[in-house]
Every structure is written in C-alpha cells, then in structure tokens.
Amino acid sequence: YFPWSADISVGIEEIDAQHKVLIHILNGIYQAIVTQAPRQATAGLLEELVQYTHVHFAVEESLFRITDYPAYEGHKAIHDHC
C-alpha cells in the first residue's frame, strides 16, 4: 500500500492530481494481488496503469517544454526508459 503524502507533492495541482490517480491505480493493483483477484481484473488494472502513465508523461513533458524546465532532457530520458 502506497499512501499519498504532501511530502511527494510537486506543488503543481494538475501534476499532483495525476500522481494521486497513479497511486490509486497502483494501490488497486496491490489490493488485487493481496486478495488474489481474478487474473483478468489484475490485467485490466495493469493496462490502466500503462495507459494512464502514457497520458501523464505526455502532460508532464508538455509542461516542462512550456515552462523551459531546465532538467527536461534528463527527466524525459527517465520517462523514455520507463
């Protein structure tokens, strides 16, 4: 279980909201594993995580470019590796 904490906030409301969604999905996957949910349910959550992560990375990278974020290239490389 991975709880949301103000300690992991980036201070950008939209990005924090998306991070909360990602944490919610991860916690759903954890719960599915712990309760031995049907494989199809777990697979659905994993697919949701993959799709939402793509959306999140695109939004984050757009904000980086718009704001001339100095560490854009390094952070994008991390996204590309994921």
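An α-helix has 3.6 residues a turn, so residues three or four places apart point the same way.

Helix α2 covers residues 39-66, and its 28 residues reach 41 Å from first C-alpha to last, close to the 40 Å expected at 1.5 Å a residue, a span taken as 1.5 Å times one less than the number of residues. After α2 comes D68, which has a positive phi, near 50°.

## Basis and confidence of the model

This is a predicted model, in which local features need pLDDT of at least 70 and side-chain atom pairs count only at pLDDT 80 or more, while totals for chains, interfaces and linings use all residues. Residues are numbered from 1 along each chain as its sequence is written, and side-chain values use heavy atoms, with hydrogens and water left out.

The mean pLDDT (the predictor's confidence in each residue, from 0 to 100) is 93, and 100% of the residues reach 70 or more.

## Overall fold

The protein has three helices and zero strands, these being DSSP runs (H or I, at least four residues, for helices; E, at least two, for strands) numbered from the N terminus. Buried residues make up 24% of the 82 residues, and the C-alpha trace spans about 45 × 25 × 15 Å along its principal axes.

Terms used: Buried means under 20% relative accessible area, exposed over 50%, partly exposed in between (1.4 Å probe, protein chains only).
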